[in-house]
Structures are given as structure tokens and as C-alpha cells.
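Here's a walk through a structure, one region at a time. Keep the viewer open and follow along.

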Amino acid sequence: MSRDRAGRSPRRLRSLNRFALTAGAVTVLSLTASGCVVVHGEREVVPTATRTEAARALKDFTAAYNKADKANDSSLDADRVTGALGAIDGAKLTAGRKNNPGGNPSYSPLSLTDAKFSIPAKAGWPRWFVADAAANKGVAGYRWLLVFTRGSANDVWQASYLTVLAATDVPKFQQDKDGWAQPVTGDDTALAVAPNKLSQSYTTYLKSGGDTFAPGLHTSQWRTQRAKNAAKPGLARQYIDAPLSSGDYAPVGLRTADGGALVFFATRRYEKQTAAQGTEIPAPSADVKALTTGDIKQSLTLEFVSNQAVLDPGKSAQKQQVAVLGRIEGLTAAKGG
């Protein structure tokens, strides 16, 4: 999906251009694997989807995504995206439509192939699974990991999270004797950081540092870059990060073979740019302008939604730091002042 996917370098970030706007430049009834109906699936531990159902969800998502991308019309895939991915996707399409109401002049269809599905066995709702596929866009040799979720048997599957990883970075997941993946709960105490605390922990780290997260592109390097931006003369930059961890933004995770977990979670951040007296805010891009309310005089406040994929180690692991494997963010709103 050429809508901005976080990768390992600025070149990779630019190669995935639909999901990011950068400022200035940047079952009560459930089907088992055999297709039989489980009447009390809300209490029984059952696979969240059949493999056939998962493949169909990926196909339906891709078809809706391509229609929306071609037409610059968020209504065409609104029922197939939710959560962080839905917020990023919707804002990008809204901006695209304002600037190109006749459709996306750079459109080329997305193709997801060689799909593998990690489907957890769990009780209750919501239900979800992870699709791991090769894409015809972005960097060769990278895999697109999409989380699909639905809240009831009457809902369609929606993509809520996305990360793009080198094939060698995709972890091996634990499986039971039938090949079903093992989910982690939000309050899992066997992990270095409970999944439902990751969003808050990450925003705290970005503000104050610490050793909860391992050094890397989306942690120590990201903090260093933000500090440099804030110190540039003539244009002050202030950053505020806020957790997103409830409802459609709830974290989800799968147990990895080493006893840890791959966890997806979301955050929101604000970046306020204030021009020094006698200077002006650098002209924002057309996409940023399309999402901006108010007049840009001395300041511009940008609002982003970001989703992260991390390796959260088990408490028995030698290294207890959480490693951020991928981060994808997109501008969702802006306000001039």
C-alpha cells in the first residue's frame, strides 16, 4: 500500500507513501477449521477464524483498499479499516480527495501475495488474526503484517494495524498441536511490559527516556532527531505524545517461540511549530494544507496517529528491553494559529 509504512530508513519511508503525511517536506457463533458451528464460542477457546475466512478477509480488504486508493474516496474502504490504520488511511484519502477530486493520479493497484496467517485460539470477542504477506510496493524482501479484527459475528473483518518488516525480522510464533497461534492478554504479567501498558510506556519514554525500550530507529534515534528539530533557530518545535489503548485502538499480541510476544499498539502525537518573530512557518505541503483548519500565521499544530509493532520479551529473557520493530504514522489533522 503506497500510503506510508514505517521501515528501516528514510528511503523506505518514502517508498511507502499512502499511509503517511509528513509535515513540511514529512463469535457468539464461530466457525472452526472444519467449518462446523460452535454455539458457545463466546465461552469456548476456538480459533478466531478459519484459514479460508482469513484469506477471504485479506482479499476483501485489498479490493476495497484499491477502490478507495484509485478514487481518493475513504467511503469505499471505510468498512474494511478501523483503529490506527483506519484513522491514518481515512485522513490520507480525505487529503487526496481535496487535492485530486477526480481520483489518484499516481494510483497503481496493490497486490498481496504469499500470504501466511497466524490465527489465535481464544474465547470471546473481539476476535482477530495476523496476516503476513508480500506486497508489490515498498522495499523488496519486506513483509506486510496486518491485524484483522471484528467485534461480533455480524461484523466484517477490518484491518486495524499494519507494520512492514524485513522477512528476517518477522518472529516465529508459538503454536498449539493444531497449528493455532497463542494470544497474549492485555494484562499479561509474564512479559516485560503488559501489552495494555505499552502505549503509555512508549509515550513516557519519548518524553523522558529511560531503559524500557531498546535503542533503535524508533526509540533513541527518534528522540535524538526530535531534540535536534526542537533546537533549530527560527522555528520552535514542541512534541506531546498521548497513549491510545482502548476500543478499536486496544493492543493485540501473539506469543513468540522464545516466550515473548509480538505486540501491536497505537499512540497519538502532536507537533507544534512556532515561527520566531519576523519569520513565517515554512509552507506546508498540499496534503497538510488539505487537513488544516484555521489560518497559519505564527504556528501550526500537527496531529498524528501512529501504530507500533514491538517484541516484548518474557520476564525470563536475559534482555528485558522492548524492541520497536516498526512504526507507521500518518497526519490526521492540523490547525493553524
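This is a predicted model: local features need pLDDT of at least 70, side-chain atom pairs count only at pLDDT 80 or more; totals for chains, interfaces and linings use all residues.

Let's start with a pair of strands: β6 (residues 127–135) and β7 (residues 142–150) run antiparallel to each other, joined over 8 bridges. Residues are numbered from 1 along each chain as its sequence is written, and side-chain values use heavy atoms, with hydrogens and water left out.

Within that pair, Phe129 sits opposite Phe148 of β7. Zoom out and you'll find an open, antiparallel sheet of 4 strands in the order β4-β6-β7-β8. The edges are β4 (112–118) and β8 (158–166); each has a single partner strand, so one side of each has no neighbour in the sheet. On average, neighbouring strands here are turned by 25° against each other, direction ignored. Helix α3 (residues 83–99) packs on the sheet and touches β7 and β8, its direction making about 90° with that of β8. Contact here means heavy atoms within 4.5 Å, while axes are lines fitted to C-alpha atoms (for helices, over the stretch in contact), with angles from 0 to 180 degrees between N-to-C directions.

Why mention that? Most residues other than glycine have a negative phi, and most peptide bonds are trans. Speaking of which, a cis peptide bond joins Trp125 and Pro126, with omega about -5°. Pro126 belongs to the loop between β5 (121–122) and β6.

**Two buried side chains**

Now jump to Asp312, in strand β13 (residues 299–312). With 1% relative accessibility, Asp312 counts as buried; the cut-offs are under 20% relative accessible area for buried, over 50% for exposed and partly exposed in between (1.4 Å probe, protein chains only). Which backbone nitrogens does the side chain of Asp312 reach? That of Val193 is at 3.2 Å, and that of Ala192 lies 3.4 Å from one of its polar atoms.

Arg327, in strand β14 (residues 323–336), is buried too, at 12% relative accessibility. Its side chain makes polar contacts with the side chains of Glu329 (3.0 Å) and His218 (3.5 Å). A polar contact is a pair of N or O atoms within 3.5 Å; within protein, one must be able to donate a hydrogen and the other to accept it, and residues adjacent in sequence count only if both atoms are side-chain atoms.

Arg327 and Glu329 are also among the residues lining the largest cavity, along with others including Tyr202 and Trp222. On a 1 Å grid over the protein atoms alone, a cavity is a set of points where a 1.4 Å probe fits but cannot get out, and lining residues have an atom within 4 Å of a point. The largest cavity holds about 60 Å³ of space, a volume being the space filled by probe spheres set on the points, which are joined across faces, edges and corners. β11 gives the most to this cavity's lining, with 3 residues.

Definitions and conventions
Two strands pair if DSSP finds at least two bridges between them. On a 1 Å grid over the protein atoms alone, a cavity is a set of points where a 1.4 Å probe fits but cannot get out, and a pocket is an open set with protein on both sides within 12 Å along at least five of seven lines; lining residues have an atom within 4 Å of a point.
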